[in-house]
Amino acid sequence: MVIVGAPLDWGTTYRPGARFGPRAIREADYLGADGWRPHLPTGINALDVLSVVDAGDLPVVPGYIDQSIDVVADAVERIARAGAVPIVLGGDHTIAFPDATGVARFHGFGKVALIHFDAHADTGESHYGQLHGHGTPMRRLIESGAVPGHRFVQIGLRGYWPGPETLAWMREQGMRSYMMSEITERGLDAVVDEAVAYAAKDVDAVFLSIDIDVVDPGMAPGTGTPEPGGLTSRQLMDTVRRLARDLNVVGADIVEVSPPYDGPGEITAFLANRVVLEVLNGMAERKVATSS
Ligand code: MN
Ligand code: MN
């Protein structure tokens, strides 16, 4: 696994600050460099099982979104080609486009499923007349063919966006989008069972894109576009670990952590840090299970 930061927030539409996300997520790790403690539920020390390196931040170009996207896509592709799994710390959600594109350049366009946790669909046709911003990455991935619509599963949508035209477009593309209202009604486990079956159908590679605003702002206030009524931090952590254990995760990003808006005690940064650890633990469980 290669962890990299993509410290850009010039694709945000409301509160900025996600450029400081990678730093805050790293600083939330107080577990110590020697002997990362084993994950209590599994007894597995992911850092013993996996080879994990933090390669620092990518040289994104402040204020220049197209150039920054190229930097991120090329880096992610290089990591994938080297046989490693890229885990990108955002940054705003604009980076899902270069992240999943970089992975798809190696694994094949159309060969990677994308499981997207978010309050927002991020399928906008345009970002104030521009192609790229944090509200459009999923549309651009579908249009380019990197990740076709029928390979998309979205979990946690709620609030007041997008409108009916975009929702109709999403259905036409074959996207499977689970709103919080459906999750509350049916239960998260039932939805995730279905999501796994849908996303993994005919493909053996999955990208996880995790917008921290999928979690309720009561538990994750440090984000640019908070939307009340989300998942609990426990639900997100358990779900990403399960997905990383049960599916072949070939890349992941954790985005939209905006430290200037975080609550006392840096609770959002801690959550994002632990979400990354749960992904690593799920991957480690998978490796232990398949090698024994
Ligand atoms: Mn998003
Ligand atoms: Mn969002």
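Donors are N, O and S atoms within 2.8 Å of the metal (3.2 Å for Na, K and Ca); water is not among the atoms, so sites may look incomplete. This is a predicted model, in which local features need pLDDT of at least 70, side-chain atom pairs count only at pLDDT 80 or more, and totals for chains, interfaces and linings use all residues. Residues are numbered from 1 along each chain as its sequence is written, chains are lettered from A and ligands numbered from 1 in the order in which they are written, and side-chain values use heavy atoms, with hydrogens and water left out.

**View 1. The manganese ion (ligand 2) and its donors.** Asp 118 (OD), His 120 (ND1), Asp 211 (OD), Asp 213 (OD) and Asp 213 (OD) coordinate the manganese ion (ligand 2), at 2.0 to 2.5 Å. Along the sequence, the donor residues of this ion follow D-x1-H-x90-D-x1-D.

**View 2. The manganese ion (ligand 1) and the ion beside it.** His 93 (ND1), Asp 118 (OD), Asp 122 (OD) and Asp 211 (OD) coordinate the manganese ion (ligand 1), at 2.1 to 2.2 Å. The chain spacing of these donors is H-x24-D-x3-D-x88-D. Asp 118 coordinates both manganese ions, ligand 1 and ligand 2, which are 3.3 Å apart. Distant parts of the chain are linked here: Asp 122 lies in the loop between E4 and helix H5 (137–144), and Asp 211 in strand E7, 89 residues away. Helices (H or I, at least four residues) and strands (E, at least two) are DSSP runs, numbered from the N terminus.

**View 3. The open sheet.** Eight strands run in the order E2-E1-E3-E8-E7-E4-E5-E6, with parallel pairing. Strand E2 (53–57) and strand E6 (176–179) are the edge strands, and each pairs on one side only. Two strands pair if DSSP finds at least two bridges between them. Neighbouring strands are turned by 15° against each other on average, direction ignored. Strand E1 (residues 2–6) pairs with E2 in the parallel sense over three bridges. Ile 3 stands opposite Asp 54 in E2.

**View 4. Helices on the sheet.** Helix H8 (residues 188–199) lies across strand E4 (113–117), strand E5 (152–157) and E6, and runs at about 160° to E5. Helix H9 (residues 233–246) touches E4, strand E7 (206–211) and strand E8 (249–255), and its direction makes about 170° with that of E4. Axes are lines fitted to C-alpha atoms, for helices over the stretch in contact, and angles run from 0 to 180 degrees between N-to-C directions. Contact means heavy atoms within 4.5 Å.

**View 5. Helix H4 against helix H5.** Helix H4 (residues 96–107) packs on H5 at an angle of about 30°, with the axes 8 Å apart. From H4, Ala 96, Phe 97, Ala 100 and Thr 101 meet Pro 137, Met 138, Arg 140, Leu 141 and Ser 144 of H5.

View 6. Most residues other than glycine have a negative phi, and most peptide bonds are trans. The Gly 90 to Gly 91 peptide bond is cis, with omega near 15°. Gly 91 sits in the loop between strand E3 (86–90) and H4. Trp 161 to Pro 162 is also a cis peptide bond, with omega near 0°. Pro 162 belongs to the loop between E5 and helix H6 (164–172). Asp 202, a residue other than glycine, has a positive phi, near 65°. The loop between H8 and E7 holds Asp 202.
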